[in-house]
Amino acid sequence: MLDLQRLRALHAVSVHGTVGAAALALGYTPSAVSQQIAKLERETRTVLLEREGRGVRLTDEARQLVTAAQELLAIVERAETELEERRGRPSGRLTVAAFASAARGLMPGVLAELGRRHPALDARLSEVDPHLSVDLVAKGAVDLAVAHDWDIAPLPAPPGLEQAVIGDDLCDLLVPEGHAFAGRAAVRREELGGERWICQPPGRVCHDWLLRTLRTAGHEPDIVHQADENPTLVALVAAGLGVALIPRLGRGPLPAGVVEVPLDPMPVRRLYALWRAGAARRPAIVETVRVLGEQWPEVTAHPPR
């Protein structure tokens with residue numbers, strides 16, 4: 001009989017791409033995951049992972065097992081949901097994936113409140129890009145994702161997922177002190193041509209939004225500096241190296257030398273909670289979505305300046 005934990009380990013490698021990333025997601029060591037898969041190979045008398053450069057590749061037989069594992073894990077999830085629903089209170093482990101600024105600006109308060117209200121609930125957070133987190137929920141790798149989209153770049157949600165709006169995060173133009181826009185009441189998007197831009201790397205939602213926004217306004221953006229973290233982008237603006245569009249959530253107070261200027265119309269990104277439809281009745285999901293909604297006004301009541 002196939003061991004469910006070993007199938008779970010193989011499924012995690014399939015979803016996350018490497019043994020190390022799978023181990024991090026499962027809360028194990030890489031050697032423990034490797035041992036689980038080695039035992040599964042012996043049980044099935046089948047090679048499941050092959051070396052490919054510095055990583056691994058799943059064999060065709062492994063991919064068949066992953067499909068079966070995903071179905072089995074969905075059955076287990078339904079059973080766990082029914083048991084938790086009968087108990088009537090959030091309990092067990094809940095894995096949450098959130099993008100960087102939500103992980104910094106929203107989730108600490110949410111996790112603390114969940115822990116205070118529900119000691120039997122073991123909520124665990126991973127910081128993941130929104131494009132990836134939605135897929136992780138769909139594949140059963142995490143229970144709930146906090147993701148976002150922009151006003152001109154909607155976030156697609158795969159079939160089988162449900163979602164709830166958490167709130168809207170406003171975005172400001174940040175310029176160095178002494179810039180021509182500093183002190184303006186507002187700047188129109190049509191005025192943004194010719195600026196030197198600082199933004200996140202390609203493939204990130206914020207990067208794609210900037211390209212679409214400027215090109216729609218008739219400008220080809222000159223992106224001179226790229227960084228993953230918003231505090232790094234703000235520091236580059238403070239050094240006078242360009243301008244940036246930065247959301248308010250998780251941004252923190254602005255340092256000396258940086259001026260916030262509203263755009264007209266102001267860019268907005270909408271935050272969502274997403275979960276699998278099969279777990280929609282699970283008390284841990286219901287309560288986490290409720291607390292996310294409760295915490296959002298607290299987060300946005302005093303935007304950083």
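Cys-171 is buried (under 20% relative accessible area, with exposed over 50% and partly exposed in between; 1.4 Å probe, protein chains only), its value being 0%. Cys-206 is also buried, at 17%.

The structure is a predicted model, in which local features need pLDDT of at least 70 and side-chain atom pairs count only at pLDDT 80 or more, whereas totals for chains, interfaces and linings use all residues. Residues are numbered from 1 along each chain as its sequence is written, and side-chain values use heavy atoms, with hydrogens and water left out. The mean pLDDT (the predictor's confidence in each residue, from 0 to 100) of the protein chain is 88, and 98% of its residues reach 70 or more. Among the helices (DSSP runs of H or I, at least four residues; strands are runs of E, at least two; both numbered from the N terminus), α2 (residues 19-26) has a mean of 81, where confidence in the chain is lowest, and α6 (residues 107-117) has the highest, 97.

The lining of the largest pocket comprises 42 residues, with Arg-8, Thr-95, Gly-140, Ala-141 and Asp-143 nearest the centre. A pocket is an open set of points on a 1 Å grid over the protein atoms alone, where a 1.4 Å probe fits, with protein on both sides within 12 Å along at least five of seven lines; lining residues have an atom within 4 Å of a point. Helix α4 gives the most to this lining, with 10 residues.
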